[in-house]
Amino acid sequence: MTTIEAQVNRYGYVTEAIAEDIDLVAEINRLKKEKNAVILAHYYVDAEIQDLADYIGDSLGLSQQAAATDADMIVFCGVHFMGETAKVLSPQKKVVIPDLNAGCSLADSAPADKFAAFKAQYPDHIVISYINCSAEIKALTDIVCTSSNALQIVESLPKDQKIIFAPDANLGRYVAHKTGRDMVLWDGACIVHIDISREKLAQLREEHPDALLIAHPECKEDILKQADFVSSTTGLLKFVKDSPHEKFIVATEAGILHKMKQSVPDKKLIPAPGSDNNTCACSECPYMKMNTLEKVYNALYYEQPEIFVPEDIRLKAYDSVARMLELSKGI
């Protein structure tokens, strides 16, 4: 085992010291060209990483970009399951992420063994799983979906088709309400979206009665019911850009505000408050914030930590993701 591999095994990322006088952005861009690498970043990572990424997007957009890129290496700045999805779609490419510790509370809420036992109770049901899940769950899934396309995918199935929806129960309830479908829901949730404070949000709305409340469907049902608009991160971005309104309360992870501010610099964007009294008075994903410029540089330089997916799992997961991409054409 090399020193770098030992660091990754112990800490989850490369801890090698970086020279203090190095221009990280310039060096990342140089290494990217040298290694024919592409950097994919989710909207929720820090702004400095979004600014140097080749592609910024939500789960669907990043999945499609991972499949389309001709790069030899993908550096996925997001969380672990996103790197897995890239590897599922592009097994011939090297996929690295800045920090293996960047997991996902929603993905972790669905252990594969427990979900397999749950699925076995409903043998006549099709499984639709939100992309925020592990490769093992995708392998147990018939069709993957994202918040961008969940409604369309459910509506594409015959009305008498029985459905298990996993792992996000809030998204599942929202889809069931919008489509009128009676679905069996796995009881999972995202800590960021369910942590939005009902009481603080009510106070914020009193302070800004002219602001529209826009929300991600991973939020709790009571917040979605009062929202003026509900959509994926990409959908929220488009709504803010196209809407004639000038002020918005944004109920999702606060990282999205960076791209929103770039798109609509003259509009007022207010992050929905989380329960914790943090410095930004907003909802932040601690896993997304594990991505740093230093870790991105080391991941590119040392090509570690690398994502691996066992081939039997990958092939089954590929089928469910490929079916989503096929059904998502034109969305």
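Helices (H or I, at least four residues) and strands (E, at least two) are DSSP runs, numbered from the N terminus. This is a predicted model, where local features need pLDDT of at least 70, side-chain atom pairs count only at pLDDT 80 or more, and totals for chains, interfaces and linings use all residues. Residues are numbered from 1 along each chain as its sequence is written, and side-chain values use heavy atoms, leaving out hydrogens and water.

Select N36. It sits in the loop between α2 (24-34) and β1 (37-42). Its phi is positive, about 50°, although N36 is not a glycine. N36 is partly exposed, at 32% relative accessible area; buried means under 20%, exposed over 50%, and partly exposed in between (1.4 Å probe, protein chains only).

Go to E303, in the loop between α16 and α17. Here too a residue other than glycine has a positive phi, near 55°. E303 is partly exposed, at 22% relative accessibility.

Now pick Q304 and P305. A cis peptide bond joins them, with omega about -5°. P305 lies in the loop between α16 (293-302) and α17 (311-327).

Next, A166 and P167. The bond between them is cis, with omega near -15°. P167 belongs to the loop between β7 (162-166) and α10 (169-179).

Finish inside. A nonpolar core is a set of buried Ala, Val, Leu, Ile, Met, Phe, Trp, Tyr and Cys residues joined through side-chain atoms within 4.5 Å. The largest has 100 residues, and I39, I128, M260 and M324 have the most contacts inside it. A second, separate core of nine residues includes F115, F118, C133 and I164.
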